[in-house]
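Please find below some notes for a colleague who has the model open. They take up contacts, confidence and helix packing in turn.

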Amino acid sequence: MIDRRHFLLSSVALPLGIVGAAKSAQALMYEEPSVGLVQEYLAARAAACGGSQTYHQQLLADLRTTLDGEKLPAQAVDQQLAQATCPLCGCKLTRT
Ligand SMILES: [Zn+2]
C-alpha cells in the first residue's frame, strides 16, 4: 500500500532524477585539446605514412591504375583522384 509520504517522495524524486541526469550529461561535454596536443597529433599523423609525399604519390598512382582499369570517363577519374585521402594520415593525396 502506498501512503501519502511515499507517494510525495516518489513524485519529487522523478523530476530530481531528470535534473540529475541532465547534470551528468554535462560531464560528456566536448573539450578543445591544447595547442601542443594538436601539434603532436598532427605530427604523429604525418609520421604515420613516412612524413613524405612518396607514399602518397604511390597511392595516387595505384588508384589511377585501378580507376583506369574500370574504364570510367576521364572526368570521373579526376574527381575520384581529387577526393582520395591517405588511409594512414587522412591527408588528401592531391595538392590543391
Ligand atoms: Zn599519408
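1. Two residues are taken to be in contact if their C-beta atoms, placed from the backbone, lie within 7 Å. On that criterion, and leaving aside its neighbours within four places in sequence, Leu93 is in contact with His56, Leu59, Leu60, Ala84, Thr85 and Cys86. Leu93 itself lies in the segment after helix 4, and its C-alpha atom is separated by 7.7 Å from that of Leu81, 12 residues away along the chain.

2. The coordinates are a predicted model, in which local features need pLDDT of at least 70 and side-chain atom pairs count only at pLDDT 80 or more, while totals for chains, interfaces and linings use all residues. Residues are numbered from 1 along each chain as its sequence is written.

3. The pLDDT, which is the predictor's confidence in each residue on a scale from 0 to 100, averages 80 over the chain, with 74% of the residues scoring at least 70. Confidence is lowest in helix 1 (residues 4–25), at a mean of 62, and highest in helix 4, at 92. Where pLDDT is low, the predicted coordinates should not be read in detail.

4. The secondary structure comes to four helices and zero strands, in the pattern α-α-α-α along the sequence; helices (H or I, at least four residues) and strands (E, at least two) are DSSP runs, numbered from the N terminus.

5. Helix 3 and helix 4 pack at an angle of about 150°, with their axes 10 Å apart, where axes are lines fitted to C-alpha atoms over the stretch in contact and angles run from 0 to 180 degrees between N-to-C directions. The two helices are therefore roughly antiparallel to each other, a term that applies to angles over 145 degrees. In this packing, Leu60, Leu63, Arg64 and Leu67 of helix 3 meet Val77, Gln80 and Leu81 of helix 4.

6. As to burial, a residue is buried if 20 or more other C-beta atoms lie within 10 Å of its own, exposed if 12 or fewer, and partly exposed in between. Buried residues make up 1% of the 96 residues in the chain. Leu93 counts as partly exposed because it has 19 C-beta neighbours inside 10 Å.

7. Lys71, in the loop between helix 3 (54–69) and helix 4 (74–83), is exposed, since 7 other C-beta atoms lie within 10 Å. The phi of Lys71 is near 55°, a positive value in a residue other than glycine.

Key: Parallel < 35°, antiparallel > 145°, perpendicular 65-115°, else oblique.
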